[in-house]
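Here's a quick briefing to read alongside the model. Have the sequence and the 3D view open as you go.

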Amino acid sequence: MSREYTQLEKNRLEKIERLREAGLEPYPHRVERTHTTQEALAAYTAAEVNGDAPENLKVTVVGRLRSMRPMGKITFAHVEDGSGRLQLFLRSNDLGQEKVDLFNRYFDLGDFIEASGELFRTRSGEITLRLEDFRIISKAITPLPAAKDEVVDGEVVRHAVLSDPELRYRQRYADLAVNLEVRQIFRIRAAILRALRDFLDGQGFLEVETPILQPIYGGAAARPFITHHNQLHQDLYLRISFELYLKRLLVGGYERVYEIGRDFRNEGVSFKHNPEFTQLEFYWAYADYQQVMDLTEEMLRYTARQALGRIQFEYQGQVIDLEKPWRRVQLSQAILEAVGIDIHAYPTADQLRAAMQAKGLAASPTATRGKLIDGMLGDYVEPNLIQPTFMYDYPRDISPLAKSKAGDPSTVERFEGFMGGMELCNAFTELNDPLDQEARFLEMGREYAADDEERHPMDEDYLRAMRYGMPPNGGFGMGVDRLTMLFTDRPNIREVILFPHLRERED
RNA sequence: GGGCGCGUAGCUCAACGGCAGAGCAGUGGCCUUUUAAGCCAUUGGUUCUGGGUUCGAAUCCCAGCGCGCUCACCA
């Protein structure tokens, strides 16, 4: 034990001793359960409706004690399991005063209990289990950080709720144990993942898994985490995207592939960035970015319907509607409207920078033309994109894996999807010309300083794959964490990640 | 990495230069249909850590640690 027990914990350790002295094992191996709490409630209600004698319904439930109200010779309590809550009623007439006292003296909030008896309704109408027997099945030593719950109009209202974000994230188990709505977030997250898989499977996509440990990272402009394989004496990178491996699979003959998994980017954290995050990417042979936009709309409508049961939802006070077709705006048009600069009129970085400075906009002296444009998008356009919007046709120099637009070599067929003021997804008509791709890698190498870790490394094996012939295809990537933020109305990515990264701390 | 804010009992918070407190939880007592049960009594503190100023510091100053917000960064 690295930490002294608190007085509250010492009290409970003492109770463990007393229980054992009384021959009651606080951590038994096996338990009985005939009903979940919700099944018990449903069974009672059904018996009432059928006119059966509901009071003869015997059940055994298990779960965690969430409230206790001892009143002398009787005690009320609530037990909570994965399905919900059920009130327990202990009466000395039924159990003997000794057992009621045992409960009151040696059972605490947070303990797990197995309880058997008959269901009835109290005077106030709550379906309740009148105990005929009960026992401890797991004793909690540390008290849960919640004081009390109150039921107001059927809603559980918590008092002195655990709210310190640091505690909630570091001790997510405690957060989940006391904050019901946090448990709901991760049910929705699971439903989102299931719906995305259902949808893509239904469209004939094959789910695959590609390496997380990679000798060369690529597919995005981000700094990687570096790790090391001892026996091979080889440094390896944690992947920053799946893109280059998934497109190799199109060369191999699969026409539709997707992967859902973890990406790792060694960069700053923010309300929408976590060092590891969950990404969906798919690649679709013989499709272009317009078709990918159509499929994206369909996929998100399906996902919302499956995960939320509806396709309108509220995000930070704004109702977002997935029903209507998404707005589709050319990036150059959006920037023209937002800041009054026609990027087509400024074909070089220096010209564009001068135009931005003339408008009083911040413009990095070292940024490429594409980065300047992307900067204006992020600062002046993105925060206002609340309703689902596709922004399309991006600068070539920030899109080294996307195919150029016919007749416009400075622009590529790329779109990003936005919602709730956040970038949600990114897609393009994929570049499948190996000679053009090689030239792009070389361009990237020139534009970034040699020591810039964002520099795209040359991936010779990827070029070799491409030379065998890659079908024309449309590719797509989406941050699943951000989609979960939107669907659960959470303003911070940490709220939708069970164990978000926090700085290490000694307890 | 920069700026701003926060860190007090298990939880939620007050005290803002002058005796460290409240509610809930805990402990003891009363209470046979309660439900934030109620009533009486009561325990519990390295005020994040380390320095400094002061007769006196939770409070003011400096440094550190952690968290939050924000800026930078993140095609």
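Start with Ile136, which is found in strand β5; strands here are DSSP runs of E with at least two residues, helices are runs of H or I with at least four residues, and both are numbered from the N terminus. Ile136 is buried, with a relative accessible area of 3%, where buried means under 20%, exposed over 50% and partly exposed in between, using a 1.4 Å probe and protein chains only. This is a predicted model, in which local features need pLDDT of at least 70, side-chain atom pairs count only at pLDDT 80 or more, and totals for chains, interfaces and linings use all residues. Residues are numbered from 1 along each chain as its sequence is written, chains are lettered from A and ligands numbered from 1 in the order in which they are written, and side-chain values use heavy atoms, with hydrogens and water left out.

**Around Ile136**

- Leaving out residues up to four places away in sequence, Ile136 touches Leu19, Glu25, Pro26, Pro28, Phe107, Asp111 and Phe112; contact means heavy atoms within 4.5 Å.
- Ala304 sits 168 residues away from Ile136 along the chain, and their C-alpha atoms are separated by 42 Å.

**The barrel**

- Five strands close into a barrel with mixed pairing, in the order β1-β2-β3-β5-β4; two strands pair if DSSP finds at least two bridges between them.
- On average, neighbouring strands of this sheet are turned by 55 degrees against each other, direction ignored; axes are lines fitted to C-alpha atoms, for helices over the stretch in contact, and angles run from 0 to 180 degrees between N-to-C directions.
- Helix α2 (residues 37-50) packs on the sheet and touches β1, β2, β3, β4 and β5 (127-138). The direction of α2 makes about 75 degrees with that of β3.
- β1 (residues 58-71) pairs with β4 (residues 112-121) in the antiparallel sense over seven bridges.

**The three-stranded sheet**

- β9, β11 and β10 form an open sheet in that order, with antiparallel pairing. Its edge strands are β9 and β10, each of which pairs on one side only.
- β9 (residues 213-214) is joined to β11 (residues 234-238) by two bridges, and Leu213 stands opposite Leu238 in β11.
- β10 (residues 226-229) is joined to β11 by four bridges, and His228 stands opposite Asp235 in β11.
- β10 and β11 form a hairpin with four residues between them, and His233 in the turn has a positive phi of about 50 degrees.

**The largest pocket**

- The largest pocket holds about 1,400 Å³ of space. On a 1 Å grid over the protein atoms alone, a pocket is an open set of points with protein on both sides within 12 Å along at least five of seven lines, a cavity is a set of points where a 1.4 Å probe fits but cannot get out, and lining residues have an atom within 4 Å of a point. Points are joined across faces, edges and corners, and a volume is the space filled by probe spheres set on them.
- Its lining counts 48 residues, of which Ala221, Arg265, Arg414, Glu416 and Glu423 lie nearest the centre.
- β20 gives the most to this lining, with six residues. Elements that each supply at least two residues include β13 (276-285), α12 (369-381) and β19 (408-419).
- The lining divides into 19 nonpolar, 14 polar and 15 charged residues; Ala, Val, Leu, Ile, Met, Phe, Trp, Tyr, Cys and Pro count as nonpolar, Asp, Glu, Lys and Arg as charged, and the others, Gly among them, as polar.

**The cavity**

- A search of the whole structure turns up one cavity of 30 Å³ or more, and the largest cavity has about 50 Å³ of space.
- Among the residues lining the largest cavity are Gln214, Tyr217, Phe242, Arg248 and Asp459.
- Helix α8 (residues 243-251) gives the most to that lining, with four residues.
- By class, the cavity lining has five nonpolar, three polar and three charged residues.
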